[in-house]
Amino acid sequence: MKPDRICAACGAVFIPLVHVPNQRYCSLAACQLARRRAWQHERLRTDPDYRANQAKAQAAWRARHPGYSRHYRETHPACLDRNRAMQRTRNARRNAQPVAKMDTCSPFQPLASGFYLLCDALEASIAKMNAWTVHIAVLSAPRPLPA
Ligand SMILES: [Zn+2]
């Protein structure tokens with residue numbers, strides 16, 4: 001008797017397929033779609049080659065279908081409104097973050113080693129800005145100023 005499992009997407013109890021011993025999602029089409037989306041989301045997050053390849057394929061598709069985005073926006077006004085609202089939220093969140101963090105740090109807080117987004121300060125207020133992901137390893141830090 002195979003043990004029952006709980007689907008990671010819908011939460012329903014299911015019996016895993018014999019040839020898929022580590023099955024975590026049931027066989028429902030919606031749950032298999034969720035499984036593939038989760039896989040792709042994780043892959044895009046962790047695999048720079050996969051991410052670059054996807055971006056290249058999407059750019060090639062857009063080049064073959066030049067009017068698609070414009071037509072989609074014209075025929076789906078609700079999506080357009082939603083995208084604009086979400087962009088406003090992202091802009092507000094980004095603009096709320098200080099550019100020069102040292103002014104807001106009190107008491108003195110040294111920069112920690114880690115991954116940071118590096119961008120041109122003059123481009124920072126523009127919607128589409130280029131940012132590099134950089135790793136900063138702090139070798140020494142300045143001493144705090146006396147109060
Ligand atoms: Zn399911």
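**Exercise 1. Describe the lining of the second largest pocket and state which residues lie nearest its centre.**

Solution. Step 1: the lining comprises 13 residues, and R73, C79, L80, N83 and R84 are those nearest the centre of this pocket. In this predicted model, local features need pLDDT of at least 70 and side-chain atom pairs count only at pLDDT 80 or more, while totals for chains, interfaces and linings use all residues. Residues are numbered from 1 along each chain as its sequence is written, and side-chain values use heavy atoms, with hydrogens and water left out.

Step 2: a pocket is defined on a 1 Å grid over the protein atoms alone, as an open set of points where a 1.4 Å probe fits, with protein on both sides within 12 Å along at least five of seven lines; lining residues have an atom within 4 Å of a point. The space in the second largest pocket is about 350 Å³.

Step 3: helix 3 (68-75) and helix 4 (77-96) each supply at least two lining residues, and helix 4 gives the most, with eight. Helices are DSSP runs (H or I) of at least four residues, and strands (E) of at least two.

Step 4: by class, the lining has five nonpolar, four polar and four charged residues.

**Exercise 2. Determine which residues are the protein donors of the zinc ion, and how they are placed along the chain.**

Solution. Step 1: the SG atoms of C7, C10, C26 and C31 lie 2.2 to 2.3 Å from the zinc ion; donors are N, O and S atoms within 2.8 Å of the metal (3.2 Å for Na, K and Ca).

Step 2: the angles among the four donor atoms are 105 to 115 degrees, and the site is tetrahedral (all angles between 85 and 135 degrees).

Step 3: the donors follow the spacing C-x2-C-x15-C-x4-C. C10, in the loop between strand 1 (5-6) and strand 2 (13-14), and C26, in the loop between strand 2 and helix 1 (29-46), are 16 residues apart.

Step 4: C10 is partly exposed at 40% relative accessibility, whereas C26 is buried at 7% (buried: under 20%; exposed: over 50%; partly exposed: in between; 1.4 Å probe, protein chains only).

**Exercise 3. State how many aromatic pairs the whole structure holds, and characterise the pair of W39 and Y50.**

Solution. Step 1: the search finds three aromatic pairs, with ring centres within 6.5 Å as the criterion.

Step 2: W39 and Y50 are edge-to-face, with 5.6 Å between centres and 80 degrees between planes (edge-to-face: over 60 degrees).

Step 3: W39 lies in helix 1 and Y50 in helix 2 (residues 48-64), so the pair ties together parts eleven residues apart in sequence. W39 is partly exposed at 46%, and Y50 is buried at 15%.

Step 4: ring pairs also link W61, Y68 and Y72 into a cluster.

Note on methods. Four donors count as tetrahedral if all angles lie between 85 and 135 degrees; four count as square planar and six as octahedral if opposite donors are over 155 degrees apart and all others between 65 and 115; anything else is irregular. Rings of Phe, Tyr and Trp (its six-membered ring) pair if their centres lie within 6.5 Å; planes under 30 degrees apart count as stacked, over 60 as edge-to-face and the rest as tilted. Grid points are joined across faces, edges and corners, and a volume is the space filled by probe spheres set on the points. Ala, Val, Leu, Ile, Met, Phe, Trp, Tyr, Cys and Pro count as nonpolar, Asp, Glu, Lys and Arg as charged, and the others, Gly among them, as polar.
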